[in-house]
Amino acid sequence: MRGPGGAARGAGPPPERAGAARDPGLQPERTRLAWRRTTLACTVAAVLAVRSALHEGLSAAGAVAGALGLVCWLGFLLVAHRRMTALTAPRPRALTPGVSAAAALCTAALALSGVAVVV
C-alpha cells in the first residue's frame with residue numbers, strides 16, 4: 001500500500017539510522033545463558049569422562065583421552081568466557097568464524113575424548 005506522496009508505508013529508515021538508540025532487549029542475555037548452559041554440559045561431560053577413566057583403572061589410552069578432554073574443555077571455557085564477556089557491550093560484536101570454529105572443534109574433540117574413555 002502506498003501512503004501520501006507515493007511512498008510505501010512502513011518503508012522508513014531502520015531505527016538505527018533514524019538516530020534512535022538500539023534496544024537490545026533480552027537477546028544478549030539469552031545468548032549468554034545459552035553459552036553458560038553449553039559450558040555446564042561440557043563440564044559435566046569432562047567430569048564424567050575423567051570419573052569413568054579413573055573408575056575402570058587408568059590406562060595409557062584413557063590418560064591421553066582424559067588429557068585431551070581436559071585441554072578441549074579448557075579451550076571451550078576460554079572461548080565461551082570471551083564470548084560472554086563480549087556480550088556485555090551495548091552493541092556486541094558478531095561471532096567471528098574463527099571463534100565459532102574453535103567452539104565447534106573443542107566440543108567435537110571433547111565428545112570424541114569422552115567416547116574414547118567410555119569405550
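**The E29–R32 pair and beyond**

Modeller: Let's start in helix α1, where E29 and R32 both sit, 3 residues apart, or about one turn of the helix. Keep in mind that this is a predicted model.

Colleague: How far apart are the closest N and O atoms of E29 and R32?

Modeller: An α-helix has 3.6 residues a turn, so residues three or four places apart point the same way. E29 and R32 form a salt bridge, and the structure holds 1 salt bridge. The closest N and O atoms of the pair are separated by 2.6 Å.

Colleague: Is R32 buried or exposed?

Modeller: R32 is found in helix α1, which covers residues 27-55. Its relative accessibility is 17%, and the cut-off for burial is under 20%. So R32 counts as buried.

Colleague: And what does E29 count as?

Modeller: The relative accessibility of E29 is 35%.

Colleague: Leaving aside neighbours within four places in sequence, which residues is R32 in contact with?

Modeller: The side chain of R32 has a polar contact of 2.6 Å with that of E29, but E29 is 3 residues away. With neighbours within four places left aside, the contacts of R32 are M84, L87 and T88.

Colleague: Which arginine is among the buried residues of α2?

Modeller: The buried set of α2 includes G62, A65, G66 and G69. Further along come C72, F76, V79 and A80, and M84 and A86 are on the list too. The arginine among them is R83.

Colleague: Which residues form a nonpolar patch on the surface?

Modeller: Look at V44, which is found in helix α1. At 43% relative accessibility, V44 counts as partly exposed. The patch has about 280 Å² of accessible area together, and its members are L40, V44 and L48.

Colleague: Zooming out, what share of the residues of the protein count as buried?

Modeller: The elements run α-α-α from the N terminus on, with 3 helices and 0 strands. The protein exposes about 8300 Å², and carbon and sulfur atoms supply 67% of that. Of its 119 residues, the share that count as buried is 24%.

How values were computed:
Residues numbered from 1 in each chain as written. Predicted model: local features only at pLDDT ≥ 70, side-chain atom pairs only at ≥ 80, totals over all residues. Heavy atoms only, no water. Buried < 20%, exposed > 50% of the residue type's maximum accessible area, 1.4 Å probe, protein only. Helix = DSSP H or I, 4+ residues; strand = E, 2+ residues; numbered from the N terminus. Areas by Shrake-Rupley, 256 points an atom, 1.4 Å probe, with all protein chains shown as cover. Polar contact = N/O pair within 3.5 Å; in protein donor to acceptor, adjacent residues only side chain to side chain. Contact = heavy atoms within 4.5 Å. Patch = residues over 30% accessible without salt bridge, like charges linked within 9 Å, V, L, I, M, F, W, Y side chains within 5 Å. Salt bridge = Lys/Arg side-chain N within 4 Å of Asp/Glu carboxyl O.
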